Amino acid sequence: MTIPRRSWRGAGALVAAAVVGLTGGVISAGPAVAHTPTWAVTCSEVTVDLTNYTSDVPNTVTVSVDGKDLLPTETFGREFHKKLALPDHDKPVTVRLVVKDADGEGKHSIDQTKTAEVCEEEPTPPPTEPAPSETPSTGTPEPSATPSDEPSESAPAAPAPSPSSPDLAETGSSSSTPVIGGAAVAVLLAGGGILWAVRKRRTAQG
C-alpha cells in the first residue's frame, strides 16, 4: 500500500506542531520553577538566599522581627543574599520574610514566618588558680662570693679602754717586774746597812 505524498506532508506538519508545543511548554514552565527562595533562622541570625529571579524587574524583600523591621524593604534583581544578626532576646521571637516577585502576577511572591529560639548560654569556665612561684619573693639574700677587704663604714668601732679603769689581772710577767725586784733589793741592802751601823754604835759605847 502506497501512502500519498500529501499524507507524508500532513504527518510531518503534525509532528512539527507537537514539537513546538512541547518546546513552548518547557520554555513557559522554566521560569515557574526557576525562582528559588531559601531562608533559615537560628537563635542569633537570619540567612536569606534568593536566586533565579527576573533581573529586569523590581523584586523586593523585607525581614521583620516581632513586627519590627530587621531589614527594611530592599529591591533586588536576579539574586539576593544576606545574613542578618538578630537582636538579643530572652524569649522566642517571630521572624517574618516577605518577598514580592515583580514578574508576571507575583506568582512567586512569599510571605513566611519562623521562630527564633533563645540561645543557650555557654557555661562559664571555673577560674584557674595561678601557679606557685618557683622562687620565694622574700628569700634571704645570698652572701657575696668574695668578702670585702675594707671594713664596713656602718659597723660600730670597738670602744677604746678607759685610762681610769683598773688594770686587768696579769697572768704573766710584765715590764714593771724588774723595777719592783730592784726596789726590793735596795730596801734589803738599806736595812742591812742600818742594822750594821746600830751594832757598831753599841760596840763603841760598851
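The following legends describe close-up views of a predicted model.

Local features are reported only at pLDDT of at least 70 and side-chain atom pairs only at pLDDT 80 or more, whereas totals for chains, interfaces and linings use all residues. Residues are numbered from 1 along each chain as its sequence is written, and side-chain values use heavy atoms, with hydrogens and water left out.

**View A. An open sheet of four strands.** The strands follow the order β4-β3-β6-β7, with antiparallel pairing. Strands are DSSP runs of E with at least two residues, helices are runs of H or I with at least four, and both are numbered from the N terminus; two strands pair if DSSP finds at least two bridges between them. β4 (68–76) and β7 are the edge strands, each with a single partner, so one side of each is left without a neighbour in the sheet. On average, neighbouring strands of this sheet are turned by 10° against each other, direction ignored (axes are lines fitted to C-alpha atoms, for helices over the stretch in contact, and angles run from 0 to 180 degrees between N-to-C directions).

View B. Strand β3 (residues 59–65) pairs with β4 in the antiparallel sense over six bridges. Val61 stands opposite Glu74 in β4. Glu74 also forms a salt bridge with Lys82, with the closest N and O atoms 3.9 Å apart; a salt bridge is a side-chain nitrogen of Lys or Arg within 4 Å of a carboxyl oxygen of Asp or Glu. Glu74 is partly exposed at 29% relative accessibility, and Lys82 is partly exposed at 31% (buried means under 20% relative accessible area, exposed over 50%, partly exposed in between, with a 1.4 Å probe and protein chains only).

**View C. The salt bridge between Arg96 and Asp111.** The whole structure contains two salt bridges. In the one shown here, the closest N and O atoms of Arg96 and Asp111 are 2.6 Å apart. Arg96 belongs to strand β6 (residues 93–100) and Asp111 to strand β7 (residues 110–116), so the pair ties together parts that are 15 residues apart in sequence. Arg96 is partly exposed at 38%, as is Asp111 at 46%.

**View D. The disulfide of Cys43 and Cys119.** The structure holds one disulfide, defined as a pair of cysteine sulfur atoms within 2.5 Å. Cys43 is joined to Cys119 with an S to S distance of 2.0 Å. The link of Cys43 and Cys119 is right-handed, with 100° about the S-S bond. Cys43 lies in the loop between β1 (36–41) and β2 (45–51), and Cys119 in the loop between β7 and α2 (177–205), so the pair ties together parts that are 76 residues apart in sequence. Cys43 is partly exposed at 26%, and Cys119 is partly exposed at 32%.
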